[in-house]
Amino acid sequence: GSSLEPEERSMEPPAAPEEEEMPLTAASGPAGCQLFGYVGIEAVLDQMKIKTMKTGFEFNIMVVGQSGLGKSTMVNTLFKSKVSRKASQPGQEERIPKTVQLHSVTHVIEEKGVKMKLTVTDTPGFGDQINNENCWDPIIKYINEQYERYLREEILITRKRKIPDTRVHGCVYFVPPTGHWLRPLDLEFMRRLSKIVNVVPVIAKADTLTLEERAEFKQRIQEDLKTHAISVYPQEDFDQDPDDRVLNDRIREKIPFAVVGADQEHQVNGKRVLGRKTKWGIIEVENPAHCEFPLLRDLLIRSHLQDLKDITHNVHYESYRVRRLNESNRP
C-alpha cells in the first residue's frame, strides 16, 4: 500500500496544464487576448472622429515680441489666411502704446470638414519702451484671468456640458535677430512665462542673418536657456513615452526656430510659392533649406497641437487650480 502512494501523487500534477492550454476568450482573460472573430472595437475611433468633427476644436495662441518683428505676418503665414490684424488701420501712423495692450481676434477656420476656433492674442507695446520694467505683468495677468474664468465655470454646481476654453495653449516669443546673446528682457520674460504657459521661442526675420550667424546665434540662445534653467516647450519633464522623447529631442535641438514670414506669392519654377522677394532671389517660406518655418508649423499644428492643449490643462491649469483652491480654503 505504501508503494502506491508516490505513483498516485505523480498522477495529480498533469491536471494543471490542461487548464493552461484552454483558449482565452474576450470575456475572461488578461488584456491583449485573442478574439474568435471580428467584434468592431476599432469603430470607436470613427465614432470619436465624427463626434469631434461636429463639436470642432479650440486653439488659442499668443504672439509676443517687439514691434516690427513680423508677428502678424507670421500668424497669417502659419494659418494661410488673414487671421491677425495690426494695431492700426493701414494708411494711418502707427503709434506705439505707452503700456502693453492685448488684442484678441477670434476666427473659425475650416479645412476638409474640420472646424477650428482660433484665437490669436497680440501684445503691441511689449519691449518698445525705454523703461520695460514689469512689462510682462499685463501678459501674466491675462493668462491667469483665462485660468480663473475656466475655474469659475468648472466649480459651478450646474455647469455647462462644454466649458468655453479661452486659456492660452501656446505663446510664440519672437527674439530679435541681433546675432548676440539673449537680452535680459527676453530671459526674464521666458523665465516667468514658462511656469504658467507653453513658450516657443523663434528667431524673427531670420533672413537678415547668414547661415553661419544663424547657427551661432541659435547655439548661444540654447546655452542661455540652459544656464538660466528656462524650460521652453517641449519640456523634458513631460516626456513619458520613449517615442515622444526621441521626437522631442530632435525638436529641442532645433529650438529656437529661425523663421521668415511672408503673405505674398511668387512664381518659382512654374509654381506659386509663399516667399519674400529680395535682390538676390526669393526666400521660400515653406522650403526647409531656406528657413525653419515648416518645423514651427508642424510643431504648433500638425504634430503637437493636442499635446499643447493637454499640457495646458493637465499641468499649467492644474497648478493654478490647486493654488487657488488652497488660497480659498485657508482660514
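Colleague: Is the crossing where helix 4 passes helix 9 left-handed or right-handed?
Modeller: This is a predicted model. In it, helix 4 passes helix 9, and the hand of that crossing is right-handed.

Colleague: Which residues of helix 9 make the contact with helix 4?
Modeller: Helix 4 brings Met-74, Thr-77, Leu-78 and Phe-79. Helix 9 answers with Phe-293, Leu-296, Arg-297, Leu-300 and Ile-301.

Colleague: By class, how many residues in the contact of helix 4 with helix 9 are nonpolar?
Modeller: One residue is polar and one is charged. The nonpolar residues number seven.

Colleague: Is helix 4 roughly parallel or roughly perpendicular to helix 9?
Modeller: Angles of 65 to 115 degrees count as roughly perpendicular. The axes of helix 4 (residues 71-79) and helix 9 (residues 293-303) cross at roughly 70 degrees and come within 10 Å. So the two helices are roughly perpendicular.

Colleague: Is Arg-297 buried or exposed?
Modeller: Arg-297 lies in helix 9. A residue counts as buried under 20% relative accessible area. Arg-297 has 11%, so this residue is buried.

Colleague: How does helix 5 stand to helix 10, roughly parallel or roughly perpendicular?
Modeller: Look at the angle. The axes of helix 5 and helix 10 (residues 305-329) come within 10 Å and cross at roughly 80 degrees. That makes the pair roughly perpendicular.

Colleague: Which residues in helix 10 does helix 5 meet?
Modeller: Helix 5 contributes Asn-144, Tyr-147, Glu-148, Tyr-150, Leu-151 and Glu-154. In helix 10 they meet Thr-312, His-313, His-316, Tyr-317, Tyr-320, Arg-321, Arg-323 and Arg-324.

Colleague: How many charged residues are in the contact of helix 5 with helix 10?
Modeller: Four residues are polar and five are nonpolar. The charged count is five.

Colleague: Is helix 5 roughly parallel or roughly perpendicular to helix 6?
Modeller: Angles under 35 degrees count as roughly parallel. Helix 5 (residues 137-154) packs against helix 6 (residues 184-193) at about 15 degrees, with the axes 11 Å apart. The arrangement is therefore roughly parallel.

Colleague: Which residues in helix 6 do the isoleucines of helix 5 meet?
Modeller: The crossing of helix 5 and helix 6 is right-handed. From helix 5 come Ile-139, Ile-140 and Ile-143. In helix 6 they meet Phe-189, Arg-192 and Leu-193.

Colleague: Which elements do the buried residues of helix 6 pack against?
Modeller: Buried in helix 6 are Leu-185, Asp-186, Leu-187, Phe-189, Met-190 and Leu-193. Their packing partners are strand 1 (57-64), helix 5, strand 4 (170-175), strand 5 and helix 7 (211-227).

Colleague: Which strands stand at the edges of the open sheet?
Modeller: The sheet has six strands in the order 2-3-1-4-5-6, with mixed pairing. Each edge strand has a single partner, so one side is left without a neighbour in the sheet. The edges are strand 2 and strand 6.

Colleague: In strand 6, which residue is the bridge partner of Ile-203?
Modeller: Strand 5 (residues 199-203) pairs with strand 6 in the parallel sense over two bridges. For Ile-203, the partner is Ala-258.

Colleague: Which residue in the turn between strand 2 and strand 3 has a positive phi?
Modeller: Strand 2 (residues 103-111) and strand 3 (residues 114-122) pair in the antiparallel sense over nine bridges. His-107 stands opposite Leu-118 in strand 3. The two strands form a hairpin with two residues between them. The positive phi, about 55 degrees, belongs to Lys-112.

Colleague: Is Phe-238 buried or partly exposed?
Modeller: Phe-238 sits in the loop between helix 7 and helix 8 (242-254). Buried would need under 20%, and exposed over 50%. At 32% relative accessibility, Phe-238 is partly exposed.

Colleague: Which residues does Phe-238 touch, not counting those up to four places away in sequence?
Modeller: Phe-238 and Ile-311 are 73 residues apart in sequence. In space their C-alpha atoms are 8.2 Å apart. Phe-238 touches Ile-311 and Val-315.

Colleague: What percentage of the protein chain's residues count as buried?
Modeller: The chain has 10 helices and nine strands. Of its 331 residues, the buried part is 38%.

How values were computed. Residues are numbered from 1 along each chain as its sequence is written. This is a predicted model: local features need pLDDT of at least 70, side-chain atom pairs count only at pLDDT 80 or more; totals for chains, interfaces and linings use all residues. Side-chain values use heavy atoms; hydrogens and water are left out. Axes are lines fitted to C-alpha atoms, for helices over the stretch in contact, and angles run from 0 to 180 degrees between N-to-C directions. Helices (H or I, at least four residues) and strands (E, at least two) are DSSP runs, numbered from the N terminus. Angles under 35 degrees count as roughly parallel, over 145 as roughly antiparallel, 65 to 115 as roughly perpendicular and the rest as oblique. A crossing is left-handed if the near helix is turned anticlockwise from the far one by less than a right angle, and right-handed if clockwise. Contact means heavy atoms within 4.5 Å. Ala, Val, Leu, Ile, Met, Phe, Trp, Tyr, Cys and Pro count as nonpolar, Asp, Glu, Lys and Arg as charged, and the others, Gly among them, as polar. Two strands pair if DSSP finds at least two bridges between them. Buried means under 20% relative accessible area, exposed over 50%, partly exposed in between (1.4 Å probe, protein chains only).
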